[in-house]
Amino acid sequence: MSARDVIRETNPAFYERYSKLEDTDEFWEFLVRPLRQSIRVNTLKAPLEVVVERLQEEFELEPIPWVREGFFINVDNLAKVPEHSLGLIFGQEASSMIPPVVLDPKQGELVLDMAAAPGSKTGQIAQYMENEGCIIANDPNRDRANVLIANLNRMGVLIARVTTRDGARFARFENTFDRVLLDAPCSSVGMIRKSWRFLREWREKAVVKYMNIQKRLILAGYKALKPGGVMVYSTCTIDPLENEEVVDYLLRKTDARLEKIDLPVKTSEPVLEWEGKTYSEELKKALRIHPNDNDTEAFFIAKIVKPEGGE
């Protein structure tokens with residue numbers, strides 16, 4: 001039975017909706033193919049070269065083209081790798097390393113990570129800041145926040161303050177943060193490769209529910225961003241309602257503009273029209289990544305800039 005048939009049988013509404021986005025055998029096949037294990041070397045704890053040299057004694061590493069510290073690794077269980085327990089490496093999906101690279105935080109900045117748990121991107125941000133500055137790492141869910149704290153401790157992140165607020169409340173800190181990452185809660189279509197339940201449990205009404213949350217959060221994050229600052233909006237889903245629709249909403253409501261992202265990563269065409277609605281041409285600057293583009297999870301990333309003298 002082909003991947004296409006399995007998906008169609010498991011969740012017919014899912015198949016019908018996303019066949020409008022892309023309908024190649026390759027797309028369906030990669031949507032359900034198990035993910036390659038990838039890691040990020042944590043340079044807060046040791047120099048990149050030292051960790052890589054040590055790992056290469058035992059494993060095959062394949063560099064991830066779009067992030068210097070990222071590698072695909074041939075290991076079944078990361079928990080058995082001592083470097084993992086020591087926080088020298090962190091298991092992180094290859095395409096999920098893109099948002100912090102695009103955010104490009106600098107030492108000494110004040111950064112807001114609005115939906116931070118489990119913390120892989122927060123740790124990556126701290127690594128780029130070389131543990132200098134401050135990251136407000138927020139997750140409204142207490143249990144997830146505890147996992148976030150444990151991971152940040154293991155990675156040796158010293159500059160994060162963990163909060164458990166509704167992300168929309170950060171709107172009150174107007175023009176405060178140098179950079180904002182909103183790796184938004186979403187319907188997780190990209191994560192079917194990790195767990196079949198994301199396919200089984202997928203419902204269109206959940207997509208709409210998430211879209212409404214995302215619109216609230218993106219407006220709040222943009223408000224909290226300093227003029228001249230950079231905000232990155234990302235999701236691990238392919239649904240236009242959670243991606244292009246949300247960013248288009250921000251562009252219509254504010255003076256936000258998008259910046260082109262220049263990375264060695266293969267992408268699919270951003271969606272400029274969906275269900276009879278047309279989106280801004282600006283969205284051509286966003287990255288839409290389908291699983292078959294680079295053999296990774298699906299991802300969407302937009303780099304948003306607030307003009308100087310902005311809102």
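**Reading charges, cores and rings**

Guide: D25 is exposed, because its relative accessible area of 54% is over the 50% cut-off. Please bear in mind throughout that this is a predicted model.

Visitor: With which residue does the side chain of D25 meet in a salt bridge?

Guide: The general idea is that side chains of opposite charge can pair when their charged atoms come close. Here the partner is R4, with an N to O distance of 2.9 Å. R4 sits in helix α1 (residues 3-10) and D25 in helix α3 (residues 25-32), so the pair links distant parts of the chain, 21 residues apart.

Visitor: How many salt bridges does the count come to?

Guide: There are 28 salt bridges. One of them joins E204 and R17, whose closest N and O atoms are 3.3 Å apart. Since E204 belongs to helix α10 (residues 204-224) and R17 to helix α2 (residues 12-18), this pair ties together parts that are 187 residues apart in sequence. R17 is buried, with a relative accessible area of 3%, whereas E204 is partly exposed at 39%. Another salt bridge brings D139 and R144 together, with 3.5 Å between the closest N and O atoms. D139 is buried at 4% relative accessibility, and R144 is partly exposed at 40%.

Visitor: Which residues do salt bridges that share partners join into one network?

Guide: The network consists of R17, E204, D239 and E275.

Visitor: What polar contact does the side chain of R288 make with another side chain?

Guide: R288 lies in strand β13 (residues 287-289) and is buried, at 2% relative accessibility. Its side chain makes a polar contact with the side chain of H290 at 3.1 Å. A polar atom of the R288 side chain also lies 2.8 Å from the backbone oxygen of I238.

Visitor: Let us turn to nonpolar residues. Which members of the largest nonpolar core touch the most other members?

Guide: In soluble globular proteins, nonpolar side chains tend to be buried together. The largest nonpolar core here has 51 residues, and F14, Y18, W28, I218, Y233, V247 and I304 touch the most other members. Helix α10 gives the most to this core, with seven residues. Beyond its neighbours within four places in sequence, Y233 is in contact with residues including L182, Q214, I218, V247, F300 and I304. Apart from this core lies another, of 35 residues, among them I98, A116, A117 and M155.

Visitor: How many aromatic pairs does the structure hold?

Guide: There are six. The rings of F14 and Y18 have centres 4.8 Å apart and planes at 70 degrees, so this pair is edge-to-face. Both residues lie in helix α2, four residues apart, about one turn of the helix. F14 is buried at 0% relative accessible area, and Y18 is likewise buried at 0%. Y18 also pairs with W202: the ring centres are 5.4 Å apart and the planes are at 70 degrees, so this pair too is edge-to-face. W202 is in the loop between α9 (197-200) and α10, 184 residues from Y18. W202 is buried as well, with a relative accessible area of 3%.

Visitor: Which residues form one aromatic cluster?

Guide: F14, Y18 and W202 form it.

Technical notes:
Residues numbered from 1 in each chain as written. Predicted model: local features only at pLDDT ≥ 70, side-chain atom pairs only at ≥ 80, totals over all residues. Heavy atoms only, no water. Salt bridge = Lys/Arg side-chain N within 4 Å of Asp/Glu carboxyl O. Helix = DSSP H or I, 4+ residues; strand = E, 2+ residues; numbered from the N terminus. Buried < 20%, exposed > 50% of the residue type's maximum accessible area, 1.4 Å probe, protein only. Polar contact = N/O pair within 3.5 Å; in protein donor to acceptor, adjacent residues only side chain to side chain. Core = buried A, V, L, I, M, F, W, Y, C linked by side-chain atoms within 4.5 Å. Contact = heavy atoms within 4.5 Å. Phe/Tyr/Trp six-rings, centres within 6.5 Å; stacked < 30°, edge-to-face > 60°.
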